[in-house]
Amino acid sequence: MTFLSDLEIVAEALDRQTAKACASAVPVLAQRPMAAVVEDLQLDRFARHGGLEGDALRRFVDRYLGSIINLHHPGYMGHQVAVPHHAAALGALIDASTNNPMAIYEMGPGAAAIEYFVVNWMLEKVGWTPSPLEPGRQSEGAFGGGVLTHGGSLANLTALTAARTAVRPDAWRAGNQGDLALMAPGNTHYSIERAVGILGLGTRNVYQVPTDARGAMDPRLLPQTLARIHGDGKTPMALVANACSTAAGVYDRLRPIGEFCRDEGIWFHVDGAHGAAALLSPDYRHLMDGVELASSLTWDAHKMMRTPSVCAAVLVRDHRAIDTAFDQEASYLFHDKEQPGFDFLHRAVECTKSAMGLRFYLVLAALGEEGLAHYVERQYRLAAQAYEYLKGLDGIETPVAPESNILCFRSPGSDAHQLELRKRILATGDFYITSTQFQNKRYLRLVFMNPDTTLTEVKRLMKQIRRFGADCRIE
Ligand SMILES: Cc1ncc(COP(=O)(O)O)c(C=O)c1O
């Protein structure tokens, strides 16, 4: 068997599966007990004896594809995971076959050049100055910078590391004194608090900025939060804003928050893991208004930019902040050398880094930035239409008008009832939806990631919810 013949087997199976999923001809998700999956895939046999190629590979891939969640199914309205464009899958394949861990230029000049280009393209969308391409000039001046990371959580950790270095350059060697504080709304993604824990700042040093009824940070209450920090004898290290929030997809108002941070000299981090893609759209860019005042931004391509996991970016207004964030030496990697390109290694938590830029770039190059913008606009509009529809249904509670492609609602009944409904919906195989806490209540949650989902699917889903709701009402 050759690479090409096995590739043909896999490509043909994937093509068939995607077509079936797009046509709703397979369940979105059919969960079986893990032991049955292990048995069905004959994992033990192949692990011991090898030979997974040719016809055996064909059978294996077919069975594997019977155990996946089908993101291409229009009933997929679940987590904030991109429904991948096929071009990005090709990027992942090229990366896997060549395995160029490009954090140092000589270990993947093509991948490093693409990452450099992608980071600059993103900087330009934010309104920050891209980095120069000429070797030797990459450390001069106050232009922007960034790096692609294996996920938004790592991007957030990298940004907060840079913030800590900016505020306490000696913290890397001396450790923390326990007096650095982080300001953030209570509904930031958990990766923010995790980064605080990893950095050893102490999670009790996270000061929550109060939010309004929609869950957006109230900029008028920033001075009082800062006063509390000062009153406790602490120094603000950074302020984190959501763009948008994970649970309900609500954007914090970045301009007044950014102005406050600028005036107070506080590092301003925008977590745009999900919603920074609004920057691409003339219709929705206003949601990111003021982002250029930020010190750093997280922006995931594997959420709203049709790129498979993982490909995220951390961007900074001034590249020096990320170039000095990690104060380390590794003699076999970091040494003076003349080279025609750029090393990303010193900017990233990771040492071995995949060619993530390739995955995203192939989507960008297939759709063009206008095509990506249309995707974002379509998904955001669908959420608005679904909201209008749900609002008109008897008994359905919609706590907040969506600003993005995330929509929460609640059926009559208790929190436990919402979870029971979700369980029953998932069991049909027709839809995949999630649930979340919002303002201390449990909601069902739709995230419109799939470019083929329409209002028709939403209406069908609501029919099922009505039916199950009548059957299994838990007060
Ligand atoms: C706002 C926000 N930030 C960060 C993350 C974490 O990103 P990742 O899952 O890529 O680590 C998420 C994930 O849902 C998110 O919604």
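**Briefing: pocket, helix crossing and backbone exceptions**

The largest pocket has a volume of about 1200 Å³. This is a predicted model, where local features need pLDDT of at least 70, side-chain atom pairs count only at pLDDT 80 or more, and totals for chains, interfaces and linings use all residues. Residues are numbered from 1 along each chain as its sequence is written, and side-chain values use heavy atoms, without hydrogens and water.

**The largest pocket**

- A pocket is an open set of points on a 1 Å grid over the protein atoms alone, where a 1.4 Å probe fits, with protein on both sides within 12 Å along at least five of seven lines. Its volume is the space filled by probe spheres set on the points, which are joined across faces, edges and corners.
- Lining residues have an atom within 4 Å of a point. The largest pocket has 32 of them, and Leu14, Thr18, His72, Pro84 and Ala89 are the closest to its centre.
- Helices α1 (3-22), α4 (54-65) and α5 (86-98) each supply at least two lining residues. The largest share, nine residues, comes from α1.
- Helices (H or I, at least four residues) and strands (E, at least two) are DSSP runs, numbered from the N terminus.
- By class, the lining has 22 nonpolar, eight polar and two charged residues. Ala, Val, Leu, Ile, Met, Phe, Trp, Tyr, Cys and Pro count as nonpolar, Asp, Glu, Lys and Arg as charged, and the others, Gly among them, as polar.

**Where α6 meets α14**

- The axes of α6 (residues 109-126) and α14 (residues 356-391) come within 9 Å and cross at roughly 55 degrees. Axes are lines fitted to C-alpha atoms over the stretch in contact, and angles run from 0 to 180 degrees between N-to-C directions.
- The two helices are therefore oblique to each other, a class left over once angles under 35, over 145 and from 65 to 115 degrees are set aside.
- On the α6 side, the contact (heavy atoms within 4.5 Å) is made by Ile114, Phe117, Val118, Trp121 and Lys125. Helix α14 brings Gly357, Leu358, Phe360, Tyr361, Leu364 and Glu369.
- These residues divide into eight nonpolar, one polar and two charged.

**Backbone exceptions**

- Most residues other than glycine have a negative phi, and most peptide bonds are trans.
- A cis peptide bond joins Ala243 and Cys244, with omega about 5 degrees. Cys244 sits in the loop between β4 (235-242) and α11 (254-264).
- The bond from Ser309 to Val310 is also cis, with omega near -5 degrees. Val310 lies in the loop between α12 (301-304) and β7 (312-316).
- Ser24 is not a glycine, yet has a positive phi of about 55 degrees. Its place is in the loop between α1 and α2 (34-40).
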